[in-house]
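Colleague: I would like a close look at the aromatic rings here, and at the charges placed against them. Please take the rings as one topic and go through them in order.

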Amino acid sequence: MRRIWAVASNTIRQALRMKVAAIFIVLLLVLLPAMGFTATGDGTLKGRLQTFVSYGLSLTSLLLSLLTIIISIYAITSDIENRQIYTVVTKPIRRYQLVLGKLLGVLVLDVALLTLFAGIIYGVAAFMPRFLDASPEELAEVRNEFYTARASLVPPTIDVREEVETLYESLRKNEQLEILYPNFTRAEVIRELTNRKRLEKRAATIGQVLIWEFQNVKPRDPNQSLFVRFKYDVSVTPPDEQVYGEWRIGDLRDIQYGKEVDTPVWREVRKDPVRKFREIEVRGPVVADDGYLAVGFLNPPMNDTVVLFPVEDGLEVLYKADTFTANFVRAILLILCRLAFLACLGVLAASFLSFPVAIMFCLVIFFTGTISGFVLESFDMLSENISRIYAYSLKGLVQLLPQFDKYNPTKFLVPARLMTWDFLGRVALVMVFVKGALLLVLALVIFSFRELAKVVV
């Protein structure tokens with residue numbers, strides 16, 4: 001271990017002498033505090049905080065990712081190209097110890113830099129309200145919707161497969177498929193019909209009541225507020241683009257099943273604009289002791305239109321499940337998982353490629369992983385034949401890459417969504433201890449058998 005740490009210490013000193021490392025560090029030290037005072041967002045305190053945290057974490061993650069790739073590759077290739085490796089291998093140190101030492105040095109530097117810049121982001125975000133002339137309403141808003149970690153509950157997906165199959169067969173027998181869905185494949189028609197049926201289940205005609213039920217709701221404090229976030233859509237847009245809604249939130253099993261309940265029910269009649277997100281703050285204990293919660297919506301006659309809740313983001317229940325600080329720490333650890341994987345990738349590339357080729361190799365994988373969701377979705381839009389060929393080749397390869405866009409920490413911090421330790425553990429297990437470890441093992445094997453010099457007689 002002493003030999004590995006000696007290599008790691010030398011790697012850290014070597015990295016700090018690199019000009020590119022100095023440039024990246026200075027950029028972050030200057031830009032992060034400056035962004036805290038220049039970020040405007042939508043003009044509100046909440047908008048400024050969300051913009052700063054989003055851009056600050058994204059910039060930190062990007063620059064440290066690039067720096068990790070460069071240092072992990074340069075630490076090995078420079079020794080080989082400058083022939084310093086000849087001196088090193090004559091010492092009582094094995095090749096695997098050299099590789100592990102290089103990797104350890106990169107990871108220690110990543111932890112130090114990430115801790116520094118995360119501290120700057122956290123400090124600016126925590127003290128920004130003190131430097132701005134924010135109203136009490138804005139302060140209350142950021143406490144409830146930013147400086148927190150809210151668990152999100154969405155209505156369960158409704159199984160409409162039988163209804164869709166029945167409708168599809170009816171359209172096929174009546175020869176209406178070509179008329180309604182020209183040039184559509186069967187999969188595309190099924191997808192359209194499924195979306196239509198699910199939307200019908202979330203549509204309230206005039207006077208109709210919709211009720212969504214949730215189980216295992218466990219707020220941090222039973223007496224704290226919870227929030228119902230929703231977005232209306234309508235069949236006919238009213239002149240003022242607003243509709244009424246009568247809400248009941250709490251234990252509605254007396255209405256649903258005739259069961260006697262003791263939990264209070266929150267009632268509110270309000271008017272909200274269509275196609276815009278709104279939140280209802282529900283104060284007081286409305287969650288039953290067994291974790292049951294229901295949200296009921298009545299479409300009153302004064303609307304004179306059908307009210308719909310979009311399938312993807314029409315309604316969700318939010319409640320405080322942890323603190324902003326704990327959520328922020330988990331978000332930083334999520335970035336560290338990305339850096340650890342990239343360090344292993346850089347070491348692997350450096351074990352058999354030259355510096356410029358290894359950089360290109362890692363950048364292709366990094367940026368493909370950054371947009372992997374878009375890449376996978378784009379091929380699903382193609383015809384069935386092309387998709388089938390792709391599914392057995394490139395699609396599987398892309399899915400093996402870490403999906404950085406799927407595990408973006410800003411998706412949790414900006415909307416104050418809870419990132420659980422279980423989620424972080426699963427990401428670390430797959431990204432670091434499975435994929436990263438596999439890359440490291442390959443690097444150790446390849447570098448152990450690599451010919452570093454030829455003997456000329």
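Which ring does the charged end of Arg 186 sit over, and how many Å from its centre?

Modeller: This is a predicted model, and what follows is computed from it. The charged end of Arg 186 sits over the ring of Tyr 168, at 4.8 Å from the ring centre. Another such contact involves Arg 95, whose charged end is placed over the ring of Phe 447, 5.9 Å from the centre.

As for rings against rings, the structure holds 23 aromatic pairs. One of them joins Tyr 122 and Phe 324, with 5.9 Å centre to centre and 15° between the planes. The pair is stacked because that angle falls under the 30 degrees used as the limit. It connects distant parts of the chain: Tyr 122 belongs to helix 5 (residues 95-131) and Phe 324 to helix 11 (residues 324-350), with the two 202 residues apart. Tyr 122 has 29% relative accessibility and so counts as partly exposed, whereas Phe 324 is buried because its relative accessible area is 7%, under the 20% cut-off.

Trp 212, Phe 230, Tyr 232, Trp 247, Phe 297 and Phe 309 are linked by ring pairs into a cluster.

Conventions: Residues numbered from 1 in each chain as written. Predicted model: local features only at pLDDT ≥ 70, side-chain atom pairs only at ≥ 80, totals over all residues. Heavy atoms only, no water. Phe/Tyr/Trp six-rings, centres within 6.5 Å; stacked < 30°, edge-to-face > 60°. Helix = DSSP H or I, 4+ residues; strand = E, 2+ residues; numbered from the N terminus. Buried < 20%, exposed > 50% of the residue type's maximum accessible area, 1.4 Å probe, protein only. Lys NZ or Arg CZ within 6 Å of the ring centre and 35° of its normal.
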